[in-house]
Amino acid sequence: MDFAIEFRRYRLPFRQPVVTARGTWTVREGVFIRLSAADGFVGYGEAAPVPHFGRDSVDRYEEACRALGGRIQSPEQVPASLASLRGAIASAMRRGEPNPRHRSLAIAALLPAGRAALKVAAEKAEAGYRVFKWKVGVGAADDELAIMDDILGGLPGGSRLRLDANRAWPRRTAERWLSAASERPVEFVEEPVSDEGDFKDLLLGLSRDYPVPLGLDESISSDADVADWLGRGWKGFFVIKTALFGDVDAALELLRVAQARVVFSSALETALGARDALLLAFSWAGRAYALGYGAGPLFVDSRFDAIPPAPLLRHEDASRISKEPLWNAVT
Ligand code: MG
């Protein structure tokens, strides 16, 4: 099938800078694409790379779009290294929508780093959230371990906490945390150790040594990564930032066959890309874990925010997101 392709680059300031163990992020940059076919079909996609996966890639995306010269037949016409762009093109080419298997999905509330988490946790619990995600590895471990207990002490019964260290911890620090987390209602610990040496062996070893499950996030950005970790016997969670994958269907098929535990998660993309990502989450046949879409509202320009800030997302909340006005809002 032959499509005409157009692209528009966007630059959207976040309402609040996004602070992680890797630094501060203030502006979301990405590329919207629009495909149209001779039969009247129109499809949209969003390529939204995350800075620490390669800071200049939005420029490379723009170059790759320009190099297509206005026509495209297959996502494979852009280099595999531009994964999010390939994924955006594949999304835009998709006709029809995946069949929903869930009517609503829980959202995990994102808590800010440090002691600020306490106030937000209380507010989110009051609003009905029962799964919480907290970024750790930003401050000193002793302080954060104490704050974790203060957070947990204030949550309603049955709540679960996810921890995300974004690879900030040296091994010994990770071991302290995993030991503490194993005795607390921690759902999983995401990317606990720094990416050095025998990183994969270390992570696999830690996943066997502690009862608390571990989660992969930065470690998986392609179906090849998913295949590699499954092949190594990874039993923990797979946090899938759908928007970053070149071929997310292939990745999800591997995970489905392996009956893996999958958490669908935002790459802080706009509503245009989030619509596709969320509809895939609603169609997931495995157990539904709370979505990693609790960071919003994200943007100063609220038209680009995906979903209502509520503890449950209904299928219709995702399916009624309209892509065309978002495309039109970028010039
Ligand atoms: Mg993460």
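Strand 12 (residues 261–265) gives the most to the lining of the largest cavity, with three residues. Strands here are DSSP runs of E of at least two residues, helices are runs of H or I of at least four, and both are numbered from the N terminus. The model is predicted: local features need pLDDT of at least 70, side-chain atom pairs count only at pLDDT 80 or more, and totals for chains, interfaces and linings use all residues. Residues are numbered from 1 along each chain as its sequence is written, and side-chain values use heavy atoms, with hydrogens and water left out.

**Cavity**

- One cavity of 30 Å³ or more is counted. A cavity is a set of points, on a 1 Å grid over the protein atoms alone, where a 1.4 Å probe fits but cannot get out.
- The largest cavity holds about 50 Å³ of space. Volume is the space filled by probe spheres set on the grid points, which are joined across faces, edges and corners.
- L105, V262, V263, F264, A281, W284, R287, A288, Y289 and L291 line the largest cavity. A lining residue has an atom within 4 Å of a point.
- Nine of these lining residues are nonpolar, none is polar and one is charged. Nonpolar covers Ala, Val, Leu, Ile, Met, Phe, Trp, Tyr, Cys and Pro; charged covers Asp, Glu, Lys and Arg; the others, Gly among them, are polar.

**Second largest pocket**

- The second largest pocket has a volume of about 590 Å³. Its lining counts 37 residues, and A83, S84, L244, F245 and G246 are the closest to its centre. A pocket is an open set of grid points with protein on both sides within 12 Å along at least five of seven lines.
- Helix 2 gives the most to this pocket's lining, with seven residues.
- Strand 3 (42–47), helix 1 (57–67), helix 2 (83–93), helix 8 (248–257) and helix 9 (271–283) each supply at least two lining residues.

**Magnesium site**

- D164 (OD), E190 (OE) and D217 (OD) coordinate the magnesium ion at 2.0 to 2.2 Å. Donors are N, O and S atoms within 2.8 Å of the metal (3.2 Å for Na, K and Ca); water is not among the atoms, so the site may look incomplete.
- Along the chain, the donors of the magnesium ion follow the spacing D-x25-E-x26-D. E190 sits in strand 9 (residues 186–190), while D217 is in the loop between strand 10 (214–216) and helix 7 (223–231); the pair is 27 residues apart and links distant parts of the chain.
- E190 is buried, at 1% relative accessibility. D217 is buried too, at 3%. Buried means under 20% relative accessible area, exposed over 50%, and partly exposed in between (1.4 Å probe, protein chains only).

**Side-chain contacts**

- K323 belongs to helix 11 (residues 323–329). K323 is buried, with a relative accessible area of 12%.
- The K323 side chain reaches the backbone oxygen of Y44 at 3.0 Å.
- Beyond residues up to four places away in sequence, K323 touches Y44, L272, R275 and D276. Contact means heavy atoms within 4.5 Å.
- R60 lies in helix 1. R60 is partly exposed, at 36% relative accessibility.
- A polar contact of 3.2 Å joins the side chains of R60 and S81. A polar contact is a pair of N or O atoms within 3.5 Å; within protein, one must be able to donate a hydrogen and the other to accept it, and residues adjacent in sequence count only if both atoms are side-chain atoms.
- R60 and S81 are 21 residues apart in sequence, and their C-alpha atoms are 10.0 Å apart in space. R60 touches S81 and L82, not counting residues up to four places away in sequence.

**Backbone geometry**

- Most residues other than glycine have a negative phi, and most peptide bonds are trans.
- A cis peptide bond joins G296 and P297, with omega about -5°. P297 is in the loop between helix 9 and strand 13 (312–314).
- N166 has a positive phi, near 45°. N166 lies in the loop between strand 8 (160–164) and helix 5 (171–182), and is buried, with a relative accessible area of 6%.
- L268 also has a positive phi, near 60°. L268 is in the loop between strand 12 and helix 9, and counts as buried at 12% relative accessibility.
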